[in-house]
Amino acid sequence: MPWYMKDYPESLKNFDPLVKKKAIDIANALLAQGYSETKAIPIATEQAKKWHADASEEEKQDFEDAPNPKKSDQHGT
């Protein structure tokens, strides 16, 4: 099941909104590649935290300004 900013794994509920958005984006990409939800969530979480720590302020702002993941955008739904 793909996620979006209003419907996401419980494990992301206390994350900074930008990290949460990135984790959702990564997790949805992993799901599209055939990963299971149980594998996609921890991978996406780890990668989103790393991205946030390493990204420039410009990269963060660009990602923040990008549209949020939407349920209707995922897997043709």
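**Entry 1: terms and model**

I take buried to mean under 20% relative accessible area, exposed over 50%, and partly exposed in between, with a 1.4 Å probe and protein chains only. By that cut-off Trp 3 is buried, with a relative accessible area of 4%. I note that this is a predicted model, in which local features need pLDDT of at least 70 and side-chain atom pairs count only at pLDDT 80 or more, while totals for chains, interfaces and linings use all residues. Residues are numbered from 1 along each chain as its sequence is written, and side-chain values use heavy atoms, with hydrogens and water left out.

**Entry 2: the chain as a whole**

I looked up the secondary structure, where helices (H or I, at least four residues) and strands (E, at least two) are DSSP runs numbered from the N terminus. The protein chain has 3 helices and 0 strands, and its elements run α-α-α from the N terminus on. The radius of gyration is 12 Å, close to the 11 Å that the globule rule gives for 77 residues, so the protein chain is as compact as a globular protein of that length. That radius is taken over C-alpha atoms, and the rule is 2.2 Å times the number of residues to the power 0.38. Along the principal axes, the C-alpha atoms fill a box of roughly 30 × 25 × 20 Å.

I then looked up surface and contacts. Of the 77 residues in the protein chain, 35% are buried. The accessible surface comes to about 5,000 Å², and carbon and sulfur atoms hold 49% of it. These areas come from the Shrake-Rupley method with a 1.4 Å probe; for residues, only the protein chains shown count as cover. For contacts I use heavy atoms within 4.5 Å. Among contacts with a separation of 6 or more, 61% are between residues 24 or more positions apart.

Where is Trp 3 placed? I find Trp 3 in the segment before helix H1 (17-32). From Trp 3 to Ala 66 I count 63 residues in sequence and read 16 Å in space, C-alpha to C-alpha.

Ile 24 is found in helix H1. Ile 24 is buried, at a relative accessible area of 0%. Leaving out residues up to four places away in sequence, Ile 24 touches Trp 3, Tyr 4, Met 5, Tyr 8, Leu 12 and Pro 69. I also checked Ile 24 against Ala 48: they are 24 residues apart along the chain, and their C-alpha atoms are separated by 8.7 Å.

**Entry 3: charges and salt bridges**

I looked up the charged side chains and found 11 positive and 14 negative, with the centres of the two sets 6 Å apart. Lys and Arg count as positive and Asp and Glu as negative, while His and the chain ends are not counted. The place of a charge is taken as NZ of Lys, CZ of Arg, CG of Asp or CD of Glu.

Side chains of opposite charge can pair when their charged atoms come close. How many salt bridges does the structure hold? I find 3, a salt bridge being a side-chain nitrogen of Lys or Arg within 4 Å of a carboxyl oxygen of Asp or Glu.

- Glu 10 pairs with Lys 13, the closest N and O atoms being 3.1 Å apart. Glu 10 is exposed at 57% relative accessibility, and Lys 13 is partly exposed at 46%.
- Asp 54 pairs with Lys 50 at 2.6 Å, N to O. The two are 4 residues apart in helix H2 (residues 37-54), so about one helical turn separates them. Asp 54 and Lys 50 are exposed.
- Lys 60 pairs with Glu 57, with 3.7 Å between the closest N and O atoms. They lie 3 residues apart in helix H3 (residues 57-65) and so are separated by about one helical turn.

**Entry 4: Lys 60**

Lys 60 and Lys 22 are 38 residues apart in sequence, with 9.8 Å between their C-alpha atoms.
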